[in-house]
Amino acid sequence: MAANCLPPTATLSGAATTTTTHRRSPPSPATTVSPSSVSFHFLSSSASLKPLRLSHQRRLKVRVSGGDLGAVVVTKCVASDPVQLKSAREDIKELLKTTFCHPILVRLGWHDAGTYNKNIEEWPQRGGANGSLRFDVEQKHAANAGLVNAMKLLQPIKDKYAGVTYADLFQLASATAIEEAGGPKIPMKYGRVDVTGPEQCPEEGRLPDAGPPSPADHLRDVFYRMGLTDKDIVALSGAHTLGRSRPERSGWGKPETKYTKDGPGAPGGQSWTVKWLRFDNSYFKDIKEKRDEDLLVLPTDAALFEDPSFKVYAEKYAVDEKAFFDDYAEAHAKLSNLGAKFDPPEGFTINDEPPPPPAAAATPEKFVAAKYSSGKSELSDSMKQKIRAEYEGFGGSPDKPLQTNYFLNIMIVIAVLAIVTSLLGN
């Protein structure tokens, strides 16, 4: 399941070409060459450099025949390991229990995927869920203020599971946070390939602003560019049921409210909802009412009930939580796939639940002679056997329904027998 995120390794035979070659003494006929150590730097908020070894590396066997041509095999990316992804998901669940970091993990996944531009075909120039947000240059975008803290939380998990790409880890953390907060199960798929350097990060300005001059138009400009719809916009906005806005990061919200002054987690900020670590439809209810000054309503939030098209969905979600959950799960999965390059191309899932069985015809009703009893008297065993013999005589069986004309005939016979039995019983 090799992904083409770095130049592919060539198999040498005679004068075959490799990406990187060096002169050395003739190798043995079969030589296993270890990839050279490839590292990049992750900048923390303190701007200290932390070398990280690219996790997705393999030892590859290269066969060389004749001559003095040697080769150093270049690093070759592979898809995330499903087993490691499952284990990482369990570690994320434990992290959520102790740090209450649900909101910032959701935001991390969204902001890595939300740079996608459907009008650009090339990867990674099109942006999207490709792990680029791990680089300092993108973390410094104004819309990403504070997300370095999410990276600090996830980095130990990334170090532990070298077979998981950053792009998959960000989206796994985001979906897991929603589910662990009481939200819907997100139909996720994995296998995203990472970009390899900060030069592949998208330019600033692709993410939405909280207070533009025309909020509804701005939301459409941003989300339509991603290929999303009005329904997706409103459903995704509902994730603001989680979390707080901190003025020192976004310029919006109060320093603290009666709902945030004591945490959990680091105290402060202004939340959209009273129970801001529980995923439900209270965001739509609270925005619609606007009765509590300690709850945040941004211009882009208010637009959901002011714009005629948005309002249809916002009103619906305020009264129908199931409809909100269904639409949210679909929109979140769609967002998490934007711009991603998958290996294998169709991606893969890590769901533990078996797939639902294919639709099939209704199971035929088994023959139960007692169902054809009449009156207060129960049929005798001998009468049941007689009726069953008649049923099978027409081509039926306990597990095989009769054809329509046969069934009508047998029903007539059964009715007559039932009447006779009733008369005899009386």
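Let's start at Lys 290, which sits in the loop between helix H9 (282-289) and H10. Its phi is positive, about 50 degrees, although Lys 290 is not a glycine. Is this residue buried, exposed or partly exposed? Lys 290 counts as partly exposed, because its relative accessibility is 49% and the exposed class begins over 50%. Keep in mind that this is a predicted model.

There is another non-glycine case. Phe 100 has a positive phi of about 55 degrees. You will find Phe 100 in the loop between helix H1 (82-99) and H2. Its relative accessible area is 35%, so Phe 100 is partly exposed.

Now follow the chain into H2. This helix has twelve residues. From first C-alpha to last it reaches 17 Å, close to the 16 Å expected at 1.5 Å a residue. How many of the twelve residues are buried? Eleven are, so H2 is largely enclosed by the rest of the structure. The buried set includes His 102, Leu 105, Trp 110, His 111 and Asp 112.

Take Leu 105 from that list. In the largest nonpolar core, which has 74 residues, Leu 105 is among those that touch the most other members. Ile 92, Leu 154 and Phe 279 are also in that group. The largest share of this core, eight residues, comes from helix H5 (residues 166-180). What does Leu 105 contact, leaving aside neighbours within four places in sequence? The contacts are Ile 92, Leu 96, Ala 150, Leu 154, Phe 170, Ala 173, Ser 174 and Ala 177.

A second core stands separate, with five residues. Trp 123, Phe 135, Val 195 and Cys 201 are included in it. Trp 123 matters for the next point too. The peptide bond from Trp 123 to Pro 124 is cis, with omega near 5 degrees. Pro 124 lies in the loop between H2 and helix H3 (136-139). There is also a cis bond from Asp 343 to Pro 344, again with omega near 5 degrees. Pro 344 is in the loop between helix H12 (321-337) and helix H13 (381-393).

On to the pocket. The largest one has a volume of about 1300 Å³. H2 gives the largest share, six residues. By class, the lining has 27 nonpolar, eleven polar and six charged residues.

Eight of the eleven residues in H6 are buried, so call it mostly covered. The buried ones include Pro 215, His 218, Arg 220, Phe 223 and Arg 225. What do the buried residues of H6 pack against? They pack against H7, H10 and helix H11 (308-319). Just after H6, Gly 227 takes a positive phi of about 90 degrees.

One last stop, on the way into H6. Lys 185 lies in the loop between H5 and H6. Its relative accessibility is 44%, so Lys 185 counts as partly exposed. Ala 175 is ten residues away along the chain, and the two C-alpha atoms are separated by 8.0 Å.

Methods: Residues are numbered from 1 along each chain as its sequence is written. This is a predicted model: local features need pLDDT of at least 70, side-chain atom pairs count only at pLDDT 80 or more; totals for chains, interfaces and linings use all residues. Side-chain values use heavy atoms; hydrogens and water are left out. On a 1 Å grid over the protein atoms alone, a cavity is a set of points where a 1.4 Å probe fits but cannot get out, and a pocket is an open set with protein on both sides within 12 Å along at least five of seven lines; lining residues have an atom within 4 Å of a point. Grid points are joined across faces, edges and corners, and a volume is the space filled by probe spheres set on the points. Helices (H or I, at least four residues) and strands (E, at least two) are DSSP runs, numbered from the N terminus. Ala, Val, Leu, Ile, Met, Phe, Trp, Tyr, Cys and Pro count as nonpolar, Asp, Glu, Lys and Arg as charged, and the others, Gly among them, as polar. A nonpolar core is a set of buried Ala, Val, Leu, Ile, Met, Phe, Trp, Tyr and Cys residues joined through side-chain atoms within 4.5 Å. Buried means under 20% relative accessible area, exposed over 50%, partly exposed in between (1.4 Å probe, protein chains only). Contact means heavy atoms within 4.5 Å. The expected span of a helix is 1.5 Å times one less than its number of residues.
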